[in-house]
Amino acid sequence: MNGPREVRPGQVGDADAIGRLLRDFNLEFDEPTPELHELAERVRELLAQGEITVLLAGTGPDGIAVLRFRPEIWTRALECHLAELFVVPERRGQGLGRALVVQAIELARSKGADYMDLGTGEDDVAARALYESLGFSNRGGKPGGPVNYFYEREL
């Protein structure tokens, strides 16, 4: 693939760029984040161990999707969690986020996943619109089902 929407797998050698994107993401949303060298080292470890799968988009790279896979309880398939999706502000609205999510879905299917979940903020209207346009729902079981909530806490 060529052009601004190019999506490619992230490799251990991309750890510095991956760390930069993840750090920029957390800083944009005022979330705590480790120093860049610490984050890059953690990314190296997780990629080398196969604990995360990363997709990168653009030449900077300018966008990232981080996926985590685990065995499902209810079937023998895998389920995929889209842990992070980020596009640098100056590249938003150009299709990079969509390209990353589409490729993430294709990759998850190819690895044997039959389910993907993700979390996003109520106020991130652009992300919610993207996810919904690609078939994701925040309704349990069916279109008119109850609203799903995502909860978290520090331990």
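Which residues gather in a patch of negative charge on the surface? In this predicted model, in which residues are numbered from 1 along each chain as its sequence is written, local features need pLDDT of at least 70, side-chain atom pairs count only at pLDDT 80 or more, and totals for chains, interfaces and linings use all residues. Side-chain values use heavy atoms, with hydrogens and water left out.

## Surface patches

The negative patch on the surface is formed by Asp30, Glu31, Glu152 and Glu154. Patches are made of residues with over 30% relative accessible area and no salt bridge, like charges being joined within 9 Å and nonpolar side chains (Val, Leu, Ile, Met, Phe, Trp, Tyr) within 5 Å. Lys and Arg count as positive and Asp and Glu as negative, while His and the chain ends are not counted; the place of a charge is taken as NZ of Lys, CZ of Arg, CG of Asp or CD of Glu. Accessible areas come from the Shrake-Rupley method with a 1.4 Å probe, and for residues only the protein chains shown count as cover.

Aspartate 30 is exposed, at a relative accessible area of 72%, on a scale in which buried means under 20%, exposed over 50% and partly exposed in between (1.4 Å probe, protein chains only).

A nonpolar surface patch of about 410 Å² is made by Val147, Tyr149 and Tyr151. Of these residues, tyrosine 149 belongs to the segment after α4 and counts as exposed, with 65% relative accessibility.

## Salt bridges

Side chains of opposite charge can pair when their charged atoms come close. Taking a salt bridge as a side-chain nitrogen of Lys or Arg within 4 Å of a carboxyl oxygen of Asp or Glu, a search of the whole structure finds 10 salt bridges.

| Acidic residue | Basic residue | N to O distance |
| Aspartate 16 | Arginine 44 | 2.8 Å |
| Glutamate 28 | Arginine 92 | 2.7 Å |
| Glutamate 51 | Arginine 68 | 3.8 Å |

The salt bridge of arginine 44 and aspartate 16 links distant parts of the chain, with arginine 44 in helix α2 and aspartate 16 in helix α1, 28 residues apart. Arginine 44 is partly exposed at 27%, and aspartate 16 is likewise partly exposed at 47% relative accessibility.

For the salt bridge of glutamate 28 with arginine 92, glutamate 28 lies in helix α1 and arginine 92 in the loop between β4 and α3, so the pair ties together parts that are 64 residues apart in sequence. Glutamate 28 counts as partly exposed at 34% relative accessibility, as does arginine 92 at 37%.

In the salt bridge of glutamate 51 with arginine 68, glutamate 51 lies in the loop between α2 and β2 and arginine 68 in strand β3, so this pair ties together parts 17 residues apart in sequence. Both partners are partly exposed, glutamate 51 with a relative accessible area of 39% and arginine 68 with 35%. Salt bridges that share partners also join Asp16, Glu41 and Arg44 into one network.

## Backbone geometry and spacing

Most residues other than glycine have a negative phi, and most peptide bonds are trans. Aspartate 30, although not a glycine, has a positive phi of about 55°. The peptide bond from glycine 60 to proline 61 is cis, with omega near -10°, and proline 61 lies in the loop between β2 and β3.

Arginine 76, in the loop between β3 and β4, is exposed at 89% relative accessibility; its C-alpha is 25 Å from that of alanine 65, at a sequence separation of 11 residues. Proline 143, in the segment after α4, is exposed at 74%, and its C-alpha atom is separated by 14 Å from that of tyrosine 131, 12 residues apart along the chain.

How values were computed. Helices (H or I, at least four residues) and strands (E, at least two) are DSSP runs, numbered from the N terminus.
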